[in-house]
Each structure stands twice: as C-alpha cells, then as structure tokens.
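Please open the model in a viewer and keep the selection panel at hand.

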Amino acid sequence: QVQLVESGGGLVQAGGSLRLSCAVSGRTFTVHAMGWFRQAPAKEREFVATISRSGGSTDYADSVKGRFTISRDNAKNTVYLQMNSLKSEDTAVYYCAGDGTYISNVYYSRRAPTYDYWGQGTQVTVSS
C-alpha cells in the first residue's frame, strides 16, 4: 500500500510563488519515478513535471519550463514542485503521482498511464 499526500496549495497573486510537497508513505521503496499533473476546470488533466528515482533527470511541460522546478528528497520520501512567476492559467488542482515499476534510476515519464499511485490533489489558485 502506498499513499501520496499533497500539500502547499493555496491562493496567490500573479507573479507570486508557491511550493507544493508530496509526501509518500507506506511501501515507499516501490515508488520510483514521480510526476506532477494538473487539471483545470472543464479541462483534461495535463502533465506538468516529472523526475527520475535518482532525482538527476527531470522533464517539464513547455508551459512551465523555466518557471517550475521539480525536486525530491528520497530520505524524506517527499517530492516538491517549486512554482515561480505564477500566472492565472496555472490555476488548477495539482496532483502528485508515483510510478510503481522500476525501469532505471534515470527513467521518468510524461504519461499519466505510467503512474500507479495518485494523491488526492491540492488546489492552486492564481489571481490576476
């Protein structure tokens, strides 16, 4: 059993920053690559960022590249998403996801079906 719990969401003005956290508990050794996704009202869930098990490889959606940074602390079983220069279009529920299949320490994925475990989501609202 694996649980993912996001925190750190909230209301922020455009141009501001937030840091999301995703705490992994349970059988943490079965969680490898991690990702962040988001879903805005009336829109489909979309990829935001992903990080390999080692933390050395990352990838971002074009819409957040240069503004968001994904990182992880394996000792704390936590993944972070630092979000800077926030825009109103970043408003969404943000979900943390974990991949239960080990490929390699540098493997990551943009594809939602890759991920076996999902958090409940945390709301991020950016006011303009």
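**The four-stranded sheet**

Begin with the open sheet of four strands, whose order is β1-β3-β8-β7 and whose pairing is antiparallel. Strands here are DSSP runs of E with at least two residues, numbered from the N terminus, and two strands pair if DSSP finds at least two bridges between them. Select β1 (2-7) and β7 (68-73) at the edges: each has a single partner strand, so one side of each is left without a neighbour in the sheet. From one strand to the next, the twist averages 15 degrees, with axes fitted as lines to C-alpha atoms and angles running from 0 to 180 degrees between N-to-C directions.

The model is predicted: local features need pLDDT of at least 70 and side-chain atom pairs count only at pLDDT 80 or more, while totals for chains, interfaces and linings use all residues. Residues are numbered from 1 along each chain as its sequence is written, and side-chain values use heavy atoms, with hydrogens and water left out.

Next, select β3 (residues 18-26) and β8 (residues 78-83), which run antiparallel and are joined by six bridges. Within this pair, Cys22 has Val79 in β8 as its bridge partner.

Move to β4 (residues 34-39): five of its six residues are buried, so the strand is largely enclosed by the rest of the structure. Buried means under 20% relative accessible area (1.4 Å probe, protein chains only).

Gly35 stands opposite Thr50 in β5. The two strands form a hairpin with six residues between them, and Ala42 in the turn has a positive phi of about 65 degrees.

Finally, select β9 (residues 92-98), which pairs with β4 in the antiparallel sense over six bridges. Here Val93 in β9 is the bridge partner of Gln39.

Methods:
Buried means under 20% relative accessible area, exposed over 50%, partly exposed in between (1.4 Å probe, protein chains only).
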